[in-house]
Amino acid sequence: MKYSTFIRYFFLAIFNGFVIYLVPVTIAFESWFLLTIIIVISLLINLTYLTSRLKPLKWITPGMIFLLSFVVFPAAYSFYVSFTNWSTGHILTKQQAIERLEDLTYTKDDQKGVEFDLYILQDQDLDFYFLADLAPDNLLFGKAIDEEEYSQVNYATHEPSFKDLNGNISIPDKYYLLSGKEQIANSSKLQELSLLIDKNTRVQLYNISVFGASSGRLLSAQQKYSYNSETDILYDNVNNLACKLGNRGNFVCDGQIIDPGWRITVGTENYQRIVDDERFRGPLRIVTFWTFQFAFFAVFATFFVGLLLSVTLNKDSLKFQKIYRSIYILPYAIPGFISILVFKGLLNPDFGLVNEWFAPVYELFNIEPINWFRTKASSRAAVLLVNTWLGFPYMFLITTGALQSIPKELLEAAKVDGATSRQSFWKITFPLLLVSISPLLIGAFAFNFNNFTLIFLLTGGGPPIVGADVAVGYTDILISFTYDLAIAGGRGYQFGLAASVTTIIFLIVLLISAISFRYSKRLERVYGNL
Amino acid sequence: MVIYKFTNWFREFGWRHLVGLIFVTISLYPILYVITNSFADFANLQNSKLIPDTFTTKHYESLTGDPLIPYFKWLFNTYKIAGIAGFLNVLLGTFAAYAFARLKFKGRRVGLITLVLVQMFPSFLAFVAIYLLFFQIGDVAPLIGLGTHIGLIMVYLGGSIGFNSWLIKGFMDTIPTSLDEAAKVDGATDFQIFYKIVAPLSRPIIVVLFVITFIGIYSDYILAAIFLKDANLYTVALGINIVFMDDFANEWGSIAAASVIAATPIAVLFIFFQKQITGGLTAGSIKG
């Protein structure tokens with residue numbers, strides 16, 4: 001067998017093994033959506049590698065599967081999610097929600113008023129045991145467990161031997177009988193314990209008696225809701241109510257919404273909220289506006305510093321050029337999440353060195369020290385300052401490259417014609433430079449437009465916008481705002497709404513890309529490379 | 001005369017050195033600060049300064065042995081994830097690039113343009129959908145669901161494979177086809193041409209793209225943050241930024257030490273490949 005054939009069958013076998021493992025599981029979970037994807041992918045792969053006709057696909061398929069599954073598909077899926085009410089309380093599918101509801105129980109006081117003697121015992125490991133004297137010939141004994149241990153079925157057993165011939169309780173030596181006082185000392189723990197009799201019934205301590213035997217009572221757990229799939233009605237067994245379908249993916253009992261609900265498509269509701277709901281629209285407008293401002297000023301500031309340095313150092317026979325260049329690379333070489341952390345320390349309003357340096361300035365002008373990260377202006381300034389430090393080396397590198405590629409003859413000709421160096425810079429160098437690097441500037445704009453790491457790690461989006469309906473701050477950009485909405489804002493998971501903001505981001509990125517194509521005639525280059 | 005000479009020198013060169021030195025200071029200050037602080041014998045951020053009075057290695061020692069701060073586990077996780085994802089990324093990218101560069105087939109142009117268009121949108125933009133997708137996958141196959149490294153690696157794999165295929169394809173186009181034709185005459189199969197001729201000759205770009213992908217994943221925050229919830233499975237970016245944040249000012253020494261360990265190898269790698277990386281970045285941005 002040829003080497004390549006062997007490799008092909010080897011990986012195909014691994015892949016199919018994985019599929020064979022997944023298919024029954026997805027069926028068991030009734031996850032038809034995933035099942036479809038798995039079957040389509042596995043058919044595609046098997047067809048590709050078992051026939052000899054689709055040669056190019058053999059090379060392309062493995063990479064494309066990941067690209068399609070985790071880049072293209074999520075984009076489409078997030079568009080779908082933006083039309084659902086997928087959020088806290090509506091996380092599950094309807095089926096899952098009904099199963100969850102049917103698992104709920106309520107505790108019914110079985111024989112109200114009926115109490116019996118309950119003895120509390122302890123073994124050498126200090127575990128508690130209950131001995132319930134339900135009736136003269138019904139003495140139940142077993143380990144008392146708390147709610148978390150209910151699943152380890154540990155039912156009570158009949159122990160007639162715990163009573164002597166006279167009908168008095170007699171405990172074997174390995175157990176210790178707790179006195180009333182000892183019970184009081186342990187009462188908070190004891191109240192959480194139960195002796196399980198069967199699946200639905202348990203014994204609990206009811207009343208501690210210091211002199212005689214304490215009393216216990218029986219409790220039974222009943223299914224709280226039962227669902228009728230034919231009528232699509234959920235019955236509330238506690239209050240004897242029929243709960244009908246609400247219109248938001250919930251059952252509704254007597255006007256009360258039952259939790260958990262399930263996710264349903266809600267049409268354009270999320271988008272309407274973006275447009276209509278003032279408490280959401282207001283903050284979103286602030287965030288969107290700032291996202292553009294931030295991306296613009298971030299590019300402007302890094303470009304300005306980068307150009308300043310490249311022009312300054314672009315001088316023949318200037319000494320130490322190499323040393324300068326290699327030092328300017330450093331901020332770019334360090335992972336962003338580290339530099340951001342260091343700046344968080346340097347800018348710290350209470351202990352940071354930046355405020356320490358500026359202390360004389362503050363004193364001289366008799367102004368308050370800057371309260372970094374705590375006011376809108378200082379947070380926004382901090383974000384831009386740190387970004388400039390992080391990003392100027394890139395701009396320095398590309399502008400240096402562009403400057404060096406400008407033909408020297410052009411500048412010399414201008415000099416001969418009597419242009420000053422300022423004139424030749426603004427009339428020749430700068431326009432030529434812009435032409436060659438404008439696509440990179442647009443790329444940098446797009447990058448900063450979604451610069452989640454910087455915003456999230458430096459300010460966390462803060463300081464908060466007061467009065468907003470959602471967790472949002474003055475330095476939040478669209479992507480970090482989405483993150484707070486969906487996952488981390490501490491106000492529940494609002495996936496549907498977050499996905500609708502994601503759609504906005506996609507549209508803007510699309511627009512930026514279209515502009516960039518136009519400016520750089522990038523597609524022509526793409527065609528050239530075909 | 002001396003003064004005249006100096007002003008002349010200043011006009012020509014001096015101001016350039018002045019501007020240059022100001023930015024040398026700005027560039028180096030935070031870096032030196034974190035390095036000295038990692039060895040400094042201060043208790044916290046409040047007492048920190050650039051040059052400490054006494055030096056110690058206690059902050060580095062504090063990173064080992066505390067089960068609540070499994071720093072070296074984070075580091076290991078990060079190298080593992082970035083290494084595997086980076087390797088598979090360029091491997092699969094090289095396969096795809098080979099087809100686009102050397103095989104003639106229908107839909108080749110469309111495929112290439114699609115690659116460029118798709119990679120306009122960074123994969124993390126759709127993080128809500130990725131989260132929900134893996135949330136559901138986790139029910140069915142807990143091995144690759146949320147909270148696992150395998151799932152995260154798969155997402156990283158999709159993230160830059162289009163970009164990488166495109167750049168490798170561009171490089172392969174510069175390898176003369178006469179080489180493969182000669183091999184074909186000698187009876188070589190496509191696979192042999194690939195792994196005996198085209199792939200080895202493409203090594204420069206493959207190495208650079210591996211480094212770029214590796215550094216990108218190493219520095220990622222958002223995707224790791226939505227995937228990983230168990231502190232033992234964190235990447236170093238998550239670990240430093242979540243665990244140490246509870247007591248930022250007092251943990252300053254440990255933060256500095258952790259930062260130095262996390263940043264140094266990446267910075268060295270970056271500087272070593274700087275020419276190729278920035279070359280690749282510009283070429284990549286212009287060409288797509």
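The domain assignment of chain A gives domain 1 (3–81), domain 2 (106–223) and domain 3 (273–528), with bounds that come from an automatic or database domain assignment. The C-alpha centres of domain 1 and domain 3 of chain A lie 40 Å apart. Their contact takes four residues from domain 1 of chain A and six residues from domain 3 of chain A, where two residues are in contact if their C-beta atoms, placed from the backbone, lie within 7 Å. On the side of domain 1 of chain A that touches domain 3 of chain A, three residues are nonpolar, one is polar and none is charged. In these classes, Ala, Val, Leu, Ile, Met, Phe, Trp, Tyr, Cys and Pro count as nonpolar, Asp, Glu, Lys and Arg as charged, and the others, Gly among them, as polar.

Before going on, please keep in mind that this is a predicted model, in which local features need pLDDT of at least 70 and side-chain atom pairs count only at pLDDT 80 or more, while totals for chains, interfaces and linings use all residues. Residues are numbered from 1 along each chain as its sequence is written, and chains are lettered from A and ligands numbered from 1 in the order in which they are written.

Chain B is divided into domain 1 (2–60) and domain 2 (69–247), and the C-alpha centres of these two domains of chain B lie 38 Å apart. How confident is the predictor here? The pLDDT (the predictor's confidence in each residue, from 0 to 100) has a mean of 86 over chain B, with 96% of its residues reaching 70 or more. Helices (H or I, at least four residues) and strands (E, at least two) are DSSP runs, numbered from the N terminus. Over residues 282–288 of chain B, pLDDT stays under 50.

Now look inside chain B, where helix α6 (residues 149–172) and helix α9 (residues 203–218) pack with their axes 10 Å apart, at an angle of about 155°. Axes are lines fitted to C-alpha atoms, for helices over the stretch in contact, and angles run from 0 to 180 degrees between N-to-C directions. The angle therefore makes α6(B) roughly antiparallel to α9(B), a label for angles over 145 degrees. Among the residues of α6(B) that meet α9(B) are B:Tyr156 and B:Phe171. By class, this contact has eight nonpolar, four polar and no charged residues.

How do the two chains come together? The predictor gives the complex an ipTM of 0.89 and a pTM of 0.84. In all, 80 residues of chain A are in contact with 81 residues of chain B. Helix α3 (residues 55–81) of chain A supplies 18 residues, the largest share of the side of chain A that touches chain B. That side of chain A divides into 56 nonpolar, 20 polar and four charged residues.

One meeting between the chains brings the axes of helix α10 (residues 336–346) of chain A and helix α12 (residues 252–272) of chain B within 10 Å, crossing at roughly 155°. This makes α10(A) roughly antiparallel to α12(B). Residues of α10(A) including A:Ile338 and A:Leu341 meet residues of α12(B), among them B:Trp252 and B:Ile255.

Finally, two backbone details in chain A. A cis peptide bond joins A:Asp259 and A:Pro260, with omega about 0°. A:Leu126 has a positive phi of about 70° although it is not a glycine.

Methods
Angles under 35 degrees count as roughly parallel, over 145 as roughly antiparallel, 65 to 115 as roughly perpendicular and the rest as oblique.
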